[in-house]
Amino acid sequence: MKIRLRLALLFTALAAAILLAFAAVIYWSARSNRENEFYALLQKEALTKANLVLDAKVDTATLQRIYRNNRQIINEVEVAVYDSNFHLLYHDAVDIDFVKEHPRMLSQIRNEGKVQFYQDGWQVIGLRHEFEGRKYLLTAAAYDQYGYNKLESLLQNMMAVFAAAMALIFGAGLYFARRALQPVAAMTEQARHISATNLHLCLPVGRNADELAELAATFNNMLAQLENSFEAQKNFVSNISHELRTPLAAMIAELELAQSRERSTEEYRSVIARTLGDAQKMARLTGSLLDLARAEYDPAQITFRPLRIDELLFDARQQVLQAHPDYRIDIGFANEPETEAQIMLNGNEYLLKVALINLLENGCKFSDNHHCTATLYFTTTGMEISVEDKGIGIAPDDLPHIFEPFYRGANSRFAEGNGIGLSLTQKIVRLHKGTIEVYSRPYQGTRFLIIF
Ligand code: ADP
């Protein structure tokens, strides 16, 4: 069942319950009014007739004739008058006699002064009446045809109004529910057109700052993020293919050239050396990609353990120097750690070493003198590692982009690389809940600062 139908039905049921309660109160009060008013009328009639019989001394035959004549037109009240010894003094029509007075009833009237009850649908009232010091008992009875008709017609009217009101409320409920849910229908329609290839489409937010607008804005935000990550994924794949294609194309060209005719041993050696260089470049790239994938893992998947940061730095320096014996790396301490714990960092040894190697290698690689300095600072809240060089620096335009995967600055002609190192380093630092900052001036040098 659609929400709008459910809402309309709920709305109608609620209105029906309220209307029914309202109608019941009205009907009940009309019923009780009719009853009370009719008893009052019976009492008035009984007293009037008693006065005619006892005071005005109108003769019985005349009163009975009036009664019989009136009975043809209206539901005339039938009155009987008894003395205190239960002797009948007057009766409108003994032959009709709806109320069968019996001694117990009459003594109840005498004792209580006033009784009222129903007999076969007729309303009856019994009264004790005093006239010139003597006690009389009066009974009056009639069927309130007029009152019952009025009640019946009230009930019928209320039922008709109730049915019409229900139809109207259901229609209005359906209309308003549809109007209220219109934005949802528009969103559903638009969402039908959104797929992986057109994530730029967004849901209509509408002019009202309501819950649905909030939902649409949140959904649009999610779409924008999805689009960004799809775009980044696409760029990443095309960058990887490009990075792999270049050395592969160079290798194929070298090998084809070597194969085209007989070469000297010397020439073969140089082809092998160049091809080997390209193959190593590809090996480095795939190694970096593997590291990147590892750093993108869920931190829960990576094993962390307490590590000495100084040992890590010395190991990283040793690995860089092994690969590049011409590089020079100095390691220094800005201050002494006050406790052993201050020098410890909870982290993944392999990944942290990859990050430090990247920074040390870049520092030497982008400097004429292939020299850089790493300094450790111990602070009250943690530690900082600075890697500084006096190399060619980074152009201000490049600075905001150097942490993007595959981004290589204008100075990249100066040294070989694939643009993955810094993005990988940043991911590793973030994985260890740290931050990385860069300060650089062209031709003066660069300083990377990791804060844990
Ligand atoms: P790669 O070194 O392979 O080019 P990175 O991701 O390590 O890739 O670095 C991205 C870019 O940042 C480099 O191409 C370079 O332009 C710039 N860069 C990084 N470190 C330095 C540095 N120490 N000095 C100058 N430029 C640097």
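A polar contact is a pair of N or O atoms within 3.5 Å; within protein, one must be able to donate a hydrogen and the other to accept it, and residues adjacent in sequence count only if both atoms are side-chain atoms. The model is predicted, so local features need pLDDT of at least 70 and side-chain atom pairs pLDDT 80 or more, while totals for chains, interfaces and linings use all residues. Residues are numbered from 1 along each chain as its sequence is written, and side-chain values use heavy atoms, without hydrogens and water.

In Asn 411, a polar side-chain atom lies 2.5 Å from an oxygen atom of the ligand. Asn 362 places a polar side-chain atom 2.8 Å from a ligand oxygen atom. For Thr 446, an N or O atom of the side chain is 3.4 Å from a nitrogen atom of the ligand. The protein buries 98% of the 530 Å² that the ligand exposes when taken alone (accessible areas by the Shrake-Rupley method with a 1.4 Å probe).

The shell around the ligand divides into 7 nonpolar, 10 polar and 3 charged residues; here Ala, Val, Leu, Ile, Met, Phe, Trp, Tyr, Cys and Pro count as nonpolar, Asp, Glu, Lys and Arg as charged, and the others, Gly among them, as polar.

Finally, the domain assignment, automatic or from a database, gives domain 1 (3-153), domain 2 (211-293) and domain 3 (299-451). The C-alpha centres of domain 1 and domain 3 are 107 Å apart.
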